[in-house]
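Please consult the sequence and the three-dimensional view below while reading.

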Amino acid sequence: RDTDVWFTEWQVAEDGLDVALDQRVDWSLVPMDQNWVSRLFAGRRSIPLQLDTYADAVRDPSDPSDWTQLSGRVARIDQISVRHHPSKDPEERGVPVPETGGAEQHSVLSFRQSRGHHGEVVGWIVRVRE
């Protein structure tokens, strides 16, 4: 069984995380923000879980319904990039937002191996084979 897991670029950079193809993993994961997935992929891709290094601060660790334990081997890694444009929402006051449905994915061997891309790298999707 394959499961896709999201890693946010700024958390990867801040925490010095690296994941490589064929690596064995054992992660505690939380549900993925489906609004973010919809904004990036506009229905083209499904991502059920994320590794969120700040989840302990915003979720109750004693509530098992918020957490999923996933063990397996990394079968694929996709670098995700997207162009940004100023928001047209008056409440966001021109803040750069990702182009809806504009995410591009490039297969890589690890987080440390960047591929040419347009826009800005916003994260990675790691496929884990259980």
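Arg-45 is buried, because its relative accessibility is 14% (buried means under 20% relative accessible area, exposed over 50%, partly exposed in between, with a 1.4 Å probe and protein chains only). The model is predicted: local features need pLDDT of at least 70, side-chain atom pairs count only at pLDDT 80 or more, and totals for chains, interfaces and linings use all residues. Residues are numbered from 1 along each chain as its sequence is written, and side-chain values use heavy atoms, with hydrogens and water left out.

**Surroundings of Arg-45**
- Arg-45 sits in the loop between α2 (34–41) and β3 (49–50) (helices, H or I, at least four residues, and strands, E, at least two, are DSSP runs numbered from the N terminus).
- A network of salt bridges links Asp-4, Arg-45, Arg-76, Asp-78 and Arg-127 (a salt bridge is a side-chain nitrogen of Lys or Arg within 4 Å of a carboxyl oxygen of Asp or Glu).
- Asp-78 is buried, with a relative accessible area of 0%, and its side chain forms a salt bridge with that of Arg-76 (3.0 Å, N to O).
- Arg-76 is partly exposed, at 34% relative accessibility.

**Salt bridges between the chain ends**
- The whole structure contains eight salt bridges.
- One of them joins the side chains of Arg-1 and Glu-130 (2.9 Å, N to O).
- Arg-1 lies in the segment before β1 and Glu-130 in the segment after β8, so this pair ties together parts 129 residues apart in sequence.
- Arg-1 is exposed, at 69% relative accessibility, whereas Glu-130 is partly exposed, at 43%.
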